Each structure stands twice: as structure tokens, then as C-alpha cells.
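Me: I would like to learn how to read the nonpolar cores and the salt bridges of a model. Could you take me through them one by one?

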Amino acid sequence: MNYYQESLKLHKKMQGKISVESKIKVEDNEMLSLIYTPGVAAPCEAIKENKEAVYDYTGKRNTIAVISDGTAVLGLGDIGPEAAIPVMEGKAMLFKQFGGINAVPICLATKDVDEVVQTIKNIAPSFGGINLEDISSPRCFEIERRLDQELDIPVFHDDQHGTAVVVAAGIINAAKLVGKKLESLRVVMNGPGAAGTAITKILLGLGIHDIVVCDEFGILSKETTKEQHKKELAKATNPRAIRGALLEAMQGADVFIGVSVPNVVNERMIQSMNEKPIVFAMANPTPEISYDIAKQQGVAVMGTGRSDTPNQINNLLAFPGIFKGALASRATEITTAMKIAAAYAIAELIAPNQLREEYILPEILDDRLVAAVSEAVSEAW
């Protein structure tokens, strides 16, 4: 199938992928009077008296906004808000189908951080949570940080934290499979953008202390790194004070995680890693090293962002359950503890005797997934 041509046909035929449907059918004047004037004044007055009653009388408790400015869409980059709409509609559709959550796609015609933050704050009363999507780095860090501080509903940048949760789940199970303890792992992270930064932080939260982060210039150094989020990563990582490029970072590593660019890892780098290496090469559509080459060089567990190889690192394993749990518990934020709980919930869906090189993450359509993640996130709050 030519997915691009068939997708164009489908989107043109459907004119979008989502619609708004009523829960109540208006068939007579009595029902009209209940759902609109004059009856609707009663819930309005109740909410006026107690703002928290909005969760009882409206759809706020199960409705989120999926918000983008179109600056970092898929592998397409800065394509603008209009061109981002199909992706946001798709995300809203997935929230509904997999999590039973109502989601409204919203694309903003501004790249200004202050305007993005203020716009989201202005529309926040209608929503129980905010899913940020496809906002470029480093702006995404500031936008999320400020919204976390200034809103009383959970804010979640899925490109960062959804990816991080699924990677963490994969690392938990891959480490079990190769017989290594999390705290003993030496990890190399290549690509400290939005996803790479969040992955590094959640791995630190898992108790993995030896992480070396590389960008296009080599290993991050707190002396030479200029960008603020990279400075913070440099301070929290590289405990052995390694210097050099990716080649030097990979020597003796147990794990390589890439959210960077195609084909930056070669056979020599893989051969320099420890026994039973774990490689998550997630550059899309072409990974940092191909699945076949990595396996030929002795990689024990390999994951990619692609659906045509085993162990796909797919955010869909995480975000419906995370939001379902956050909404159910009326969380005001999504904490590190909630993300780690989600990672373990995903990992534990595969029993130890089921683990194998090609099966370290559950299937996306596993009907246990959302309930398990949701319950874990609720308990962690």
C-alpha cells in the first residue's frame, strides 16, 4: 500500500477524522428546556457558587485539549498550524478510541512563548488537562514549565514524556532480559532535544546514575555547553567525566538510546559496547543504526520507532492511560512518580517468562494496557 496516497484519499473523503456528538437526544420541548434555556441556568448557578462543581455538571473531567503551534510536527519540522491539524486530529482520535477521553485539537498561529502560554491559560477552564504536541525545543521546556506552575490541571508534553515513559518501560524489561541491574547500567543518550531530555531525567529517576549525553558536537560538558536545558543535563550526567564524541561515549556502554539523526551509529561503536548491549535507535523514519546491522553486530535487544521491526517505541502505549489516570484522580500535575509508575505498569504487563529479544513491550492493542497504566498513575498521585 502507498500509505501517503491512500492517506490523502482518506482525509479528503472524511474531511477530518473526528466529530462532536451529543450524549442526549433532543426530541421534545421538555428536553430542550432541560439542556438549554431555562433549565441550564441551574448548573450555571451551581458552578458560580462552587467552581469545583464544573467537574460534576460539565464534560471538563473527561475532556482535554491537544495543542500545537506546528513547529515540530512528526519528522516534518515547522510546517505551521494549519498543516499540523491532521496530526492533532489523529491524536484526539487515539485519545478517544484507546482511553475513552474527549480531546479537542487546537493549533495556534503564534510561536511566541508568552502568547502560547497566555492563550492556553485563557482556554484552560474548558478542559481537565492539556496535552502539548509537536512544539519545538527548547521553547517546549519553557512553555510546559510555566503552564505547570500557573494552571491547576495536568499539563503533559507527549513528545517529551510519553516517549520517556515508553523508553523507560523498555529499558526495565531489556535489563531484566540481559540480566543487568538498572543501577549498574551505563547509558549513552544521543540527541538531547525534547524527548532526549525527558528520557534522561526519567532514567535518572529509575536509579540509573551513569548516563552520558551527546549532541552533534559530542559529549555534553557543563563547561562548554551553552543551551540552558543542555547545561542542566550536563550537570546531572557523565559522572566519569568522559570527553570526546559519540565514539568515545559508546565504549563500554550497556545501553544506547538515540532520538537524533539517521545512521550516526556504526558497527565499530556497537562492537565497543559491553556484552549483551541494548540499543534503542528511534530516529524516524531511518534509525541511528538499522535493526538488521545492529543485530548482526551482537545487539541483544533492539528497539526502534518503526512499526516494521520488533519492539516499537510508541507513545500510544503511554499517553491514553496516563491522562485517564490523571483525570480520574483529579491530579493538578503529572509528576515524575506518576511517569515512573506508568513505565513500570507497561513493563509489568509482560511476565518474566514471556520476555524475549523481540518482545519487551506489550502490543499497542493489548486491552489491559490503558487500565493498568491508569490505575498506576492514579495511585502514584
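Reply: Let us begin with the core. A nonpolar core is a set of buried Ala, Val, Leu, Ile, Met, Phe, Trp, Tyr and Cys residues joined through side-chain atoms within 4.5 Å, where buried means under 20% relative accessible area, exposed over 50%, and partly exposed in between (1.4 Å probe, protein chains only). Here the largest such core has 73 residues, and those touching the most other members are I171, I199, L203, I257, I322 and I346. The greatest contribution to this core, eleven residues, comes from helix α8 (residues 158-178); helices (H or I, at least four residues) and strands (E, at least two) are DSSP runs numbered from the N terminus. Another core lies apart from it, with 23 residues that include I67, V113, C140 and A194.

Me: What should I bear in mind about the numbering and the model itself?

Reply: Residues are numbered from 1 along each chain as its sequence is written, and side-chain values use heavy atoms, with hydrogens and water left out. The model is predicted, so local features need pLDDT of at least 70 and side-chain atom pairs count only at pLDDT 80 or more, while totals for chains, interfaces and linings use all residues.

Me: Which residues is I346 in contact with, leaving aside its neighbours within four places in sequence?

Reply: With contact taken as heavy atoms within 4.5 Å, I346 meets V165, A169, L317, A318, L361, P362, L369 and V373.

Me: How many salt bridges does a search of the whole structure find?

Reply: Side chains of opposite charge can pair when their charged atoms come close. The criterion is a side-chain nitrogen of Lys or Arg within 4 Å of a carboxyl oxygen of Asp or Glu, and the search returns 21 salt bridges. In one of them D114 pairs with R146, the closest N and O atoms being 2.6 Å apart; this joins distant parts of the chain, since D114 is in helix α6 (residues 113-123) and R146 in helix α7 (residues 139-150), 32 residues apart. R146 is buried, at 18% relative accessible area, whereas D114 is partly exposed, at 46%.

Me: What else does R146 meet in a salt bridge?

Reply: R146 also pairs with E150 (3.9 Å, N to O), and both lie in helix α7, four residues apart, about one turn of the helix. E150 is partly exposed, at 36% relative accessibility. A network of salt bridges links D114, K121, R146 and E150.
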